[in-house]
Amino acid sequence: MVKTVFVFLCLLAGTFSYSQNLKFQLSSHVLDITTGKPAAGIKVKLEKLKDDKSWENIEEKITDDNGRIGDFLPAVKENKGIYKIIFYTGEYFKQQKVSTFYPYIEVVFNISDQKHYHVPITLSPYGYSTYKGS
């Protein structure tokens with residue numbers, strides 16, 4: 001619903017047309033290195049640090065069949081700030097009947113300009129790694 005309203009408002013403002021795709025500033029990818037396959041179906045939550053140091057919920061999504069989320073933070077507005085992505089990995093491993101040490105993984109990062117940011121993780125039941133992608 002929120003996305004539909006946003007697209008409608010963008011159309012009214014003339015910020016894009018039907019022939020253009022809405023661009024997003026943030027994407028993510030989860031690769032399960034125990035299987036060598038993308039981690040599909042993981043709930044991922046994006047939050048932003050507010051001035052009072054509390055976290056504001058921005059959006060929740062689910063990784064697609066390729067373990068990807070490509071549409072966080074519409075690029076039609078400035079998105080500078082400190083963000084946190086929370087990967088809810090416990091349920092993912094539970095569905096595979098695998099125990100894990102990490103029920104969720106939080107990755108905190110800073111968006112300092114209008115460039116595209118990619119925050120991927122490689123995942124196993126007892127470890128993970130992340131980096132600034134492109």
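Which residue forms a salt bridge with Glu59, and how far apart are the closest N and O atoms? The legends below take up this pair after an overview.

**Figure 1. Overview of the predicted chain.** This is a predicted model in which local features need pLDDT of at least 70 and side-chain atom pairs count only at pLDDT 80 or more, while totals for chains, interfaces and linings use all residues. Residues are numbered from 1 along each chain as its sequence is written, and side-chain values use heavy atoms, with hydrogens and water left out. The chain holds 2 helices and 9 strands, in the order α-β-β-β-β-β-β-α-β-β-β from the N terminus; helices (H or I, at least four residues) and strands (E, at least two) are DSSP runs, numbered from the N terminus. Mean pLDDT, the predictor's confidence in each residue from 0 to 100, is 88 for the chain, and 84% of the residues reach 70 or more. Over residues 4–19, pLDDT stays under 50. Of the 134 residues, 36% are buried, where buried means under 20% relative accessible area, exposed over 50%, and partly exposed in between (1.4 Å probe, protein chains only).

**Figure 2. Strand 1 and its pairing partners.** Strand 1 (residues 24–32) is mostly covered, with 8 of its 9 residues buried. Two strands pair if DSSP finds at least two bridges between them. Strand 1 runs antiparallel to strand 5 (residues 68–74), joined by 4 bridges, and parallel to strand 8 (residues 117–124), with 7 bridges. Ser28 stands opposite Ile69 in strand 5 and has Val119 as its bridge partner in strand 8. An antiparallel pairing over 2 bridges joins strand 1 to strand 2 (residues 37–38), where Pro38 is the bridge partner of Leu31. The hairpin of these two strands has 4 residues between them, and Gly36 takes a positive phi near 75°.

**Figure 3. Salt bridges of Lys61.** A salt bridge is a side-chain nitrogen of Lys or Arg within 4 Å of a carboxyl oxygen of Asp or Glu. Glu59 forms such a bridge with Lys61, the closest N and O atoms being 3.0 Å apart. Lys61 counts as buried because its relative accessibility is 14%, whereas Glu59, at 23%, is partly exposed. The side chain of Lys61 also meets that of Asp71 in a salt bridge (3.3 Å, N to O). This pair links distant parts of the chain, Lys61 in strand 4 and Asp71 in strand 5, 10 residues apart. Asp71 is partly exposed, at 21% relative accessibility.

Figure 4. Glu47 and Lys84 form a salt bridge with their closest N and O atoms 3.5 Å apart. The two residues lie in distant parts of the chain, Glu47 in strand 3 and Lys84 in strand 6 (residues 81–88), 37 residues apart. Glu47 is buried, with a relative accessible area of 9%, and Lys84 is buried at 8%. Lys45, Glu47, Lys84 and Glu106 are linked in a network of salt bridges. The structure holds 6 salt bridges.

**Figure 5. Asp51 and Trp55.** Asp51 lies in the loop between strand 3 (43–49) and strand 4 (55–62). Asp51 counts as exposed because its relative accessibility is 81%. The C-alpha atoms of Asp51 and Gly81, 30 residues apart along the chain, are separated by 10.0 Å. Trp55 lies in strand 4 and is partly exposed, at 31% relative accessibility.

Definitions and conventions:
Contact = heavy atoms within 4.5 Å.
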